[in-house]
Amino acid sequence: MPISGTPSRAELVEHLVRTRIAGDVATPRENNLSHYRKLANSDRHYWFGLELGDRWSDEQDVLAVMAERVGVNDDPEYRYGQDTIDPELTVDGLERMAGRLRKAADGQQRVLFATGHPGGLLDVHRATASALRAAGCEIVVIPDGLTTEEGYVMQFADVAVLEHGATLWHTHSGEPMKAILTGLEREGRPLPDLVVADHGWAGYAGQHGVDSVGYADCNDPALFIAEAEGTVQVTVPLDDHVISPRHYDPMTAYLLSEAGLS
């Protein structure tokens, strides 16, 4: 059962492992390596709205970043089976993200929330947006009528999402964030001071020069590379779609507590 209230760091680490948000996660090693290879081979679907050029054309360099920042197995000969996310690195990332949220709250900044993984992370973002609004931040309202080739860019519970066929859509693309930022500029409105997101929403914002923090899974290396290069400020490693979205509640409570927002 989920932890009630705000966990200690040790309690959160244990919870992350028990619910497989971190520790021995569901994503298999072969899937991780396949995605690292595709990023290295310039498959833009795996670039998450970033411009990586030819800097990451060696998949072993990608693996090294993921071992350091996520805790996957660093042995290039380990090609099949279980892979891992180090829960201590997850909590480290949450604490770094909390610091940026605290800065946003102190400055009553404009913050935009978005997710390409609404089945797992929508409520994490919604709760964070609610806490920042209570602290005096402006939660950015996106322009109306935005679209991409995949569907409509909408906003639910303060979180921008992609909608397609009356369904909230899983997307890696940076195009929805591009549509939002372009739409804000077209209306003469200021860009966000901070984007809190995941997938291409976070990647494109960082590439566009907006402060960006976010979450990413062990098979999604782009945002960890972006953090290593300084394009994205914080990337928190986690399994982004576990069996119940309620399993993320203790993590969100810890994040908000560390940020002084609860």
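This is a predicted model: local features need pLDDT of at least 70, side-chain atom pairs count only at pLDDT 80 or more; totals for chains, interfaces and linings use all residues.
Good morning, colleagues. I shall begin with strand β3, which spans residues 110–114. Is this strand mostly covered or mostly open? It is mostly covered, as four of the five residues in β3 are buried.

Let me turn to the strands that pair with β3. With strand β9, residues 194–198, β3 pairs in the parallel sense, and three bridges connect the two. Within that pairing, V111 has L194 of β9 as its bridge partner.

Strand β7, residues 159–164, also runs parallel to β3, and two bridges join them. Here A114 stands opposite A160 of β7.

Opposite R110 stands E138 of β4. What do β3 and β4 make together with helix α5? With α5, residues 118–134, they make a β-α-β unit, and the unit is right-handed.

I shall close with the largest pocket. Its volume is about 230 Å³. Thirteen residues, written 13 in the listing, line this pocket, and the closest to its centre are R44, F48, G49, G174 and E175. Which classes make up the lining of the largest pocket? The lining has six polar, four nonpolar and three charged residues.

Thank you for your attention.

Key: Residues are numbered from 1 along each chain as its sequence is written. Side-chain values use heavy atoms; hydrogens and water are left out. Buried means under 20% relative accessible area, exposed over 50%, partly exposed in between (1.4 Å probe, protein chains only). Two strands pair if DSSP finds at least two bridges between them. A crossover is right-handed if, with the strands pointing away from the viewer, the path from the first strand over the helix to the second runs clockwise. On a 1 Å grid over the protein atoms alone, a cavity is a set of points where a 1.4 Å probe fits but cannot get out, and a pocket is an open set with protein on both sides within 12 Å along at least five of seven lines; lining residues have an atom within 4 Å of a point. Grid points are joined across faces, edges and corners, and a volume is the space filled by probe spheres set on the points. Ala, Val, Leu, Ile, Met, Phe, Trp, Tyr, Cys and Pro count as nonpolar, Asp, Glu, Lys and Arg as charged, and the others, Gly among them, as polar.
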